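This report concerns nonpolar cores, aromatic pairs and charges placed over rings. The sequence and structure are shown below.

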Amino acid sequence: MATISLVLFFVGALFWAMEQDPFSRKWFVVGTADGSLVKCVAVLPKPVRPRPVIIYAHGAGGALMTDGEVIRQMAELGLVVVSLEYSMTNNAAFPAEMEAVQRYLVRQKWADTNAVAWVGFSRGAINMFNFAFQHPAQPPRLLVQLSGEGFLEEQATNGLEALHCSVLLIHGDQDKLFPVADTKRLAFLLQTNGVPVELKIMPGIPHGLDLDRAMVFRSIGEYCLTYLSGKDALVNYHSIARWQAEAPPFWVFCLPAAVWAGGWLIWWRIHRSAVPKSTLSRGDLALRVVAAVFATLASAETALHLAPPHFAVGGRTLAIARKVLVQSKEKADFEFLLAQSVWSGQKLKVLLDHVELANYNRELINWQLDDKIYRNFVLSPFIKPSTNNSHPSTNLDWRRPLWEEFYPRIRHEGSPEDAAKIVVRQLRERVTIANLPDPPREVPEIWRRQITDEAGFQIIYVAALRSVGVPARLNAQGQTEFYDGAKWMAAPTPVIISLLPMKLE
C-alpha cells in the first residue's frame, strides 16, 4: 500500500514538473530532395499557438544537444525557435537542408510563416547569408548575422540588391577570426544597394562571445520579437516566471497520493477494529502518553515556526518572532529593520527572509563589512530611486528569489567587484531593458515580468547586489554604485543594454 502511495506521489511530482516547464519541445527529422535527413528541434513556448519563428543555425562545432541555452534565451521571449543539424562537411548541402526545414514549417499550425527570422552564428551565419543571397524567392522578414564573415567579393560583384529582407549585422569588436571592419564594409554595401540594414558593434566581445553568450542571444530574441510583431509584443509576452506562478500548485498534483493514502488508512482502521483488542500494560500505556505529549509539543513548535510568518507584521506576530523565530545573533538586525517605516501590510515572512538570508550570506562571503554599511546597503530592502517622479518600492518580497538566482554564481568570488560583474551579466540575461509607457518599478514585478526600463533595471540591480551581500545604492543620477570595502564605485554595466530596432525605440 505504501509503495502505491509513493508511486502516485512520484507521478504527481513528475506531472507538476512538466506543468512548470514553460516550453514544449518537438524533435523531428526532415528529408531533402536528394534523400538526406536533417535532424531538428523546435522549442515552442506554452501555450502552443501560432507564433513568430526563428530558424537558428549554429557555428562550426555546434550541435542540437549544445544549442539548448541559445534556443531557450530566444524562446523565453515568446518565439518559436527551430534549430537544425546541418552538414558540417558539405557546405553545398545547406540550401537543400534549409528548404526542407521551410517546407516543414509551412505545414505547422504553431508557426506564423509571415513572421520568420533567420539567425546564424559564425559558420551558420555565412551559410544563411549565402542562401538568402542565392535564393531571393524564399526570403525571411529578417536575417540576423552574428559573428559572420562580413564582406564577400562574390556578393559585391553580383550585387546585393537581390536580398529582399531586412538585415541585422552583429559583431564583437574583439573578433579575431572575422575582422569587424569586414562586417562594417558589408553593412555599407547593403545600404548602398538599398537593403534595409542595421549594424550593432558589441564592445569587448570576442568571436565566441564567451561569458556574454546568453546575454547576446537574449538581445537578439528581443530584436526579432519587436521587429516581427511590434513593440507591444515585447511588453505583453508571457514570461517564464509568470507561467510558473500561474501554473497549478504542487499540492494539487499530490492529491491522488493523499486520497489513496487516506482511503487505505480508513480501510486499515475499519479492518483493525474488527480484530479483538489486546489490553495494554501500564508501561505501554505510559509510553504512549509520553509519545503523545512529545508529538503535541513538536506540532506546536512546528506551527509556531510555520504559521506566524504568513501573517502581517503586527504586535502578536512580532512578539512570537522575538521569542521564537529570530536567533540571538540576528536580533539587532531584526530591530534595525523594524525601525524603518516600510512594513505596513507586509508579511512577517518577508521581514524574516531579509534578516536571515542577509545574515547567512554575511557569514559566507569573503569580504568584510562594518555594521553601518552592512545594515544600510545590504540588509535594508528599502531602495530609494533618485528621480523626482519615482516612488520607493513598497513590495519588499524580493530577497529570496534573487538570492537563489545569483548567490550560487558568485559564491567563490573574492571581491565585490567580481561579484557585481557576474550579477549584472546574469541579470541582463533575464531582464529586458526597453522604453515603456508604464514600466514596472517594483523589484518583484520586474523579476516576474522580466522587463523594465533603464531606471527600473538600476533598481533591481541594486536589489540583486544586496541579495548576495554586495553593498549597493543608487547615486544622484539614478545609477547603481557598490562599495568595494574602501570606497563607493560605479557598478559594472551590461555589455549590451539593448539591441532593439531603431524604428521601434
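## Charges over rings

In this predicted model, the charged end of R473 sits over the ring of F377, at 6.0 Å from its centre. R362 is placed over the face of Y374, with a distance of 4.0 Å from the ring centre.

## Nonpolar cores

The largest nonpolar core holds 57 residues, and F334, L351 and Y461 touch the most other members. Helix α19 (residues 454–467) contributes the largest share of this core, 8 residues. When neighbours within four places in sequence are left aside, the contacts of Y461 are A420, V423, V424, L427, T480, A491 and P492.

Another core lies apart from it and has 43 residues, including V119, I170, C224 and L234. In soluble globular proteins, nonpolar side chains tend to be buried together.

## Aromatic pairs

Across the whole structure, 13 aromatic pairs are found. One of them is the edge-to-face pair of Y56 and F217, with 5.6 Å from centre to centre and 90° between the planes. Y56 belongs to strand β3 (residues 51–57) and F217 to helix α7 (residues 213–229), so this pair ties together parts that are 161 residues apart in sequence. Y56 and F217 are both buried.

The ring centres of W403 and Y407 are 5.3 Å apart and their planes are at 10°, so this pair is stacked. Both residues, W403 and Y407, lie in helix α16 (residues 399–410), 4 residues apart, about one turn of the helix. W403 counts as buried at 15% relative accessibility, and Y407 is buried with a relative accessible area of 11%.

Elsewhere, ring pairs join F28, Y104 and W110 into a cluster.

Definitions and conventions
Residues are numbered from 1 along each chain as its sequence is written. This is a predicted model: local features need pLDDT of at least 70, side-chain atom pairs count only at pLDDT 80 or more; totals for chains, interfaces and linings use all residues. Side-chain values use heavy atoms; hydrogens and water are left out. A nonpolar core is a set of buried Ala, Val, Leu, Ile, Met, Phe, Trp, Tyr and Cys residues joined through side-chain atoms within 4.5 Å. Buried means under 20% relative accessible area, exposed over 50%, partly exposed in between (1.4 Å probe, protein chains only). Helices (H or I, at least four residues) and strands (E, at least two) are DSSP runs, numbered from the N terminus. Contact means heavy atoms within 4.5 Å. Rings of Phe, Tyr and Trp (its six-membered ring) pair if their centres lie within 6.5 Å; planes under 30 degrees apart count as stacked, over 60 as edge-to-face and the rest as tilted. A charge sits over a ring if NZ of Lys or CZ of Arg is within 6 Å of the ring centre and within 35 degrees of the ring normal.
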